[in-house]
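Q: I am new to this structure and would like a close look at one part of it. Could you walk me through the place where the chains meet?

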2 protein chains.
Amino acid sequence: MRARDLVTEFPTVSLDTPVLDAARLLADQGLPGLIVVDENGSPRSILPGAQVMRLAVPTYCQDDPALARVVDEAHADTFLRSLAGRTVRECLPENPRELPIADPDATVLEIAALMARTYSPLVAIVEEDRLQGAVTLQVLLDRTLDS
Amino acid sequence: MRARDLVTEFPTVSLDTPVLDAARLLADQGLPGLIVVDENGSPRSILPGAQVMRLAVPTYCQDDPALARVVDEAHADTFLRSLAGRTVRECLPENPRELPIADPDATVLEIAALMARTYSPLVAIVEEDRLQGAVTLQVLLDRTLDS
């Protein structure tokens, strides 16, 4: 079994997608993460769901739990509003970590190792700079546990 | 809105659950991760989905993509079989990182910051050492985007 046997279509967002729309896509479709593509359709970033939260939460709150605690409930409820008008491009981390990207020939072990190493429940499958779709943790487990 | 308003029931596994059963639960129910409880029902570990892969993939393959690549397809397909007979307890990381656990009073911002910091799409909600359930990224986004 290779990545090409496990790949499924996966919705993408662009660098110019408003962050709130990206978050809605994630929530509405129950996606494990987002694939951000550039103007050529090549993956620019892959954001596991919990990483999407990093786009939204002020850095000082991420780093120091005590600071998140002093924000009162009413303001906490609306923290996502601060993202209104901002695009994915503006929120991406400046120093991206290794991206979970593999080619269609990758074995299930390579895909699994990549998920483990990048903490990502999805791996984008790319052939000659073109996104073919994604292998999700769920599909990988479904198919590997049955084999 | 507080964690208690967002918490939902969440299946758990115990330290003695076979790892393959835990992986099946994750896949079959499409869970974002697993909550591992001890004999008293207190969370001992919370494993985001991609972290569950860390239980299964040999460390040398996680660290070095080239080593995952030299395993042939037939052996790669069956890598999960090496886990047969092993329990969750035997596979948990020795040095757990910060666990995504919050109390029912936590605000949505605290929960979101915890998800961002621990790369976890679920947070276990615990009151007086008892697990109340979990807040998932999806529920948090659903409720926060609508508010």
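A: Here is a friendly tour of the contact between the two chains.

For chain A, the mean pLDDT is 87, with 98% of its residues at 70 or more. Where pLDDT is low, predicted coordinates should not be read in detail.

Next comes the way the copies are arranged. The same surface serves both of them, and 100% of the contact residues of chain A recur in chain B.

How many residues does the contact take from each chain? Chain A gives 50 residues and chain B gives 50 residues. The size of an interface is often given as the accessible area lost when the parts come together. Here the area buried between chain A and chain B is about 4,600 Å², and carbon and sulfur atoms give 66% of that area. Three residues deserve a look in the viewer: A:Leu109, A:Tyr119 and A:Leu145 supply 15% of the area that chain A buries against chain B, more than any other three residues.

Now for the polar side of the contact. Between chain A and chain B there are ten residue pairs in polar contact, counting pairs with both residues at pLDDT 80 or more. Several helices of chain A give two or more residues to the side that touches chain B, among them helix 2 (19–29), helix 3 (49–56) and helix 9 (137–146). The largest share of that side, eight residues, comes from helix 8 of chain A. Sorted by class, the side of chain A that touches chain B has 28 nonpolar, nine polar and 13 charged residues.

Charged residues bring us to the salt bridges. Side chains of opposite charge can pair when their charged atoms come close. The structure holds twelve salt bridges over all chains, and four salt bridges are counted between chain A and chain B. One to find for yourself is formed by A:Arg2 with B:Glu73, whose closest N and O atoms are 2.9 Å apart. A:Arg2 lies in the segment before helix 1 (3–6) of chain A and B:Glu73 in helix 6 (residues 73–77) of chain B, so this pair joins two chains.

Methods: Residues numbered from 1 in each chain as written. Chains lettered and ligands numbered in written order. Heavy atoms only, no water. Contact = heavy atoms within 4.5 Å. Buried area = accessible area lost by both parts, 1.4 Å probe. Salt bridge = Lys/Arg side-chain N within 4 Å of Asp/Glu carboxyl O. Polar contact = N/O pair within 3.5 Å; in protein donor to acceptor, adjacent residues only side chain to side chain. Helix = DSSP H or I, 4+ residues; strand = E, 2+ residues; numbered from the N terminus. Nonpolar A, V, L, I, M, F, W, Y, C, P; charged D, E, K, R; others polar. pLDDT = per-residue confidence, 0-100.
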